[in-house]
Amino acid sequence: MSYYTSSIETHEVQAYTNSTNFRTEFRLDADKLYMSNMRLLNIGFKENTAVERDVNRLVGAYGIISSLAIYDDNELIDSLDNFNLWSAFSCYNKKNDDNLSTNYFLKKNNMGFASQGINPSQDAVVDVVLPDNKANNTDGARTWLDMSAYLDFLRRSRFVPTHVFKRLRIVIEYETDIKNLTPAHTEAVSSLEPLLVVDEMKDPDVIMNVLKNYGTIQYQPIETSRVVMPVHPNLPTGPGDEGVVQEVTFTIQGFNNKSINRLVMMPVGQTVVSNKYGRLMAQAVNLNNFQVRTSEGNLLQGQGITLDNQRRKMLTDLYGDCDDQVGAVWVQSASNVISSDQDTLGLLTPFAVKLEQDMVQNFQVTFGRKSVYDSGSGAVQADCRYNQPFHLHFFAEVVKLIVVNPKDMSYRISYV
C-alpha cells in the first residue's frame, strides 16, 4: 500500500537564508501538521576551481555539516553538534556490505573493503573495492539526508504540528576545516544550497485527532562534550623507556543532572591527520585504562577497559556491527597487508559504554595511555600518533521530555 495519499501534500522548501560555508536556515509555516519524515536534498560541496578531489572516505558528503538543529523560534527542540564526527561513527557502525552497496552511493563515502588474497610480492591484500568518490567544480559531491536518523525527536514523534511549534526553524551549520572534506588537499570548497522536503497532512479529521492527542513525547537527543588530553608528559627517547603511563581524570559538567543511556568517546588526535579521513575519526592509543565514574561509583569493574578486545566487545554489544580492516590497531602489525595503512589503520577505535543512570551527578572519565617510541627518521615524539595531544569527544544519549497542553497548545521541555 502506498504511503502517499491525497491527504498528504509534499512541499519543497527553499532556504530562508543561505550563507555559503557558514549557515543555512529553513522556516516552516505555522498552523500546519507536518510529517516527521523531513529530508534535506542537495547536501554537499563543490570545488572552487576546475579540479577533481577525493571526498572523505569515511563520512562522504556528510562531512560538510558541522551541526544540525531544529528550533521553535529560539527554543531548542533537538540538535546534533559535531554532526560530521558522529556521522563518521555512524558510517563505521555499519556492515561492510551496507557501506559497499548503499552508503557509497547515498552518502558518497567509501568503506566497502575486500581481501584480494596473499601474493608473493606482499602487496596490499585488503583494500576498498570501489574508487573514492570525487568532488569537482560542477556537480560536486552531493547527497540527501534523512533528518530523523540524526534527530531523535523526529524519530519519536510521527507528526510535527506547527500549531504547537509555531515558529519552526531548521538550522544547518557548515564545516570549515577543508581536511575533513577532501582530506588529501587544502584548496577551498563551497557548500551547496540544500533543499528541504516535507510532507503536510491535509485531512482535517486526522489533524484534529493528532492535535487532541499530542500530549507527551519522550526522546533521546545526542548531546556532546569535549575535553583535551595533553601531549604525553614523559616522551620516550628510545624503545627502552617507552610504556610510561599517562592517566588523566576529567570532570564533565555538561552531562550532570541528565539521564544518560549510551555514551561514545572518540579520541581525535591534534597533530596526525589522515589523508583519507581527515580529523573525522577516533585514533588509537596504547591503551592503559578507560573508566567512567558517577556519584554511584565506578561504572566498570577494576580499572575498566584495559584491552582493545574489551573495547571492541563493548562497542559491538552496544551498537552492533562495525566496518573495520583486519582488526588491526597498530600500524606496525599489519602495514604489509593494508592499503593506505598510515591513513586508515588505528583510526577507527571509539569507546562505548552504557550507563542507564537517571540524573547523573559528578560525571567523570578516567583515560590512561602508555607512551610509544616512534623510530621514524627525524620523528618528533610529541607529534607521533600515540603521544600527541587529543581532543576527547563525547556523545551521550540523554533523555528529554516534551509535555504539551492541548488546551492552549503550550508546551514544556525538560530533562528527565
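How exposed is E187, by relative accessible area? E187 is partly exposed, at 35%. Here buried means under 20% relative accessible area, exposed means over 50%, and partly exposed lies in between, with a 1.4 Å probe and protein chains only.

Before moving on, note that this is a predicted model: local features need pLDDT of at least 70, side-chain atom pairs count only at pLDDT 80 or more, and totals for chains, interfaces and linings use all residues. Residues are numbered from 1 along each chain as its sequence is written, and side-chain values use heavy atoms, with hydrogens and water left out.

**Stop 1: salt bridges**

The term asks for a side-chain nitrogen of Lys or Arg within 4 Å of a carboxyl oxygen of Asp or Glu. R53 sits in strand β6 (residues 53-54) and E187 in the loop between β14 and β15 (189-191), so the pair ties together parts 134 residues apart in sequence. Helices (H or I, at least four residues) and strands (E, at least two) are DSSP runs, numbered from the N terminus. R53 is buried, with a relative accessible area of 15%.

Next, select R57 and D132. Their side chains meet in a salt bridge at 3.0 Å, N to O. This pair also links distant parts of the chain: R57 is in the loop between β6 and β7 (65-72), D132 in the loop between β10 (126-128) and β11 (134-135), 75 residues apart. R57 is buried at 5% relative accessibility. D132 is buried at 9%.

Now go to helix α5 (residues 308-319). R312 forms a salt bridge with D308, the closest N and O atoms being 2.9 Å apart. The two are four residues apart in α5, which means a separation of about one helical turn. R312 is buried, with a relative accessible area of 17%. D308 is partly exposed, at 25%. For a network, select R23, E25, R27 and R169: salt bridges that share partners join them. The count of salt bridges comes to 21.

**Stop 2: aromatic pairs**

There are 15 aromatic pairs. Rings of Phe, Tyr and Trp (its six-membered ring) pair if their centres lie within 6.5 Å; planes under 30 degrees apart count as stacked, over 60 as edge-to-face and the rest as tilted.

Select F153 and F165. They form an edge-to-face pair, 5.8 Å centre to centre, with 85° between the planes. F153 is in helix α3 (residues 152-156) and F165 in the loop between β13 and β14 (168-174), 12 residues apart. Both F153 and F165 are buried.

Move to F290 and F351. Their ring centres are 4.9 Å apart and their planes lie at 35°, so this pair is tilted. F290 is in strand β21 (residues 287-294) and F351 in strand β23 (residues 351-357), 61 residues apart. F290 is buried at 1% relative accessible area, and F351 is buried at 4%.

Then widen the selection around F153 and F165. Together with Y214, Y219 and Y411, they form one aromatic cluster.

**Stop 3**

Select R262. Its charged end sits over the ring of Y319, 4.0 Å from the centre. The criterion is NZ of Lys or CZ of Arg within 6 Å of the ring centre and within 35 degrees of the ring normal.

E397 is buried, at 9% relative accessibility. Its side chain makes a polar contact with the side chain of R262, at 2.6 Å. A polar contact is a pair of N or O atoms within 3.5 Å; within protein, one must be able to donate a hydrogen and the other to accept it, and residues adjacent in sequence count only if both atoms are side-chain atoms.

**Stop 4: helix α4**

Select residues 204-213. Which residues of α4 are buried? They are I207, V210 and L211. They cover an arc of only 95° around the axis, which puts them on the same side of α4. The arc is taken from the directions from the helix axis to the C-beta atoms. The face turned away from this buried side carries the exposed residues D205, M208, K212 and N213. At the start of α4, a side-chain oxygen of D203 reaches to within 2.9 Å of the backbone nitrogen of D205.
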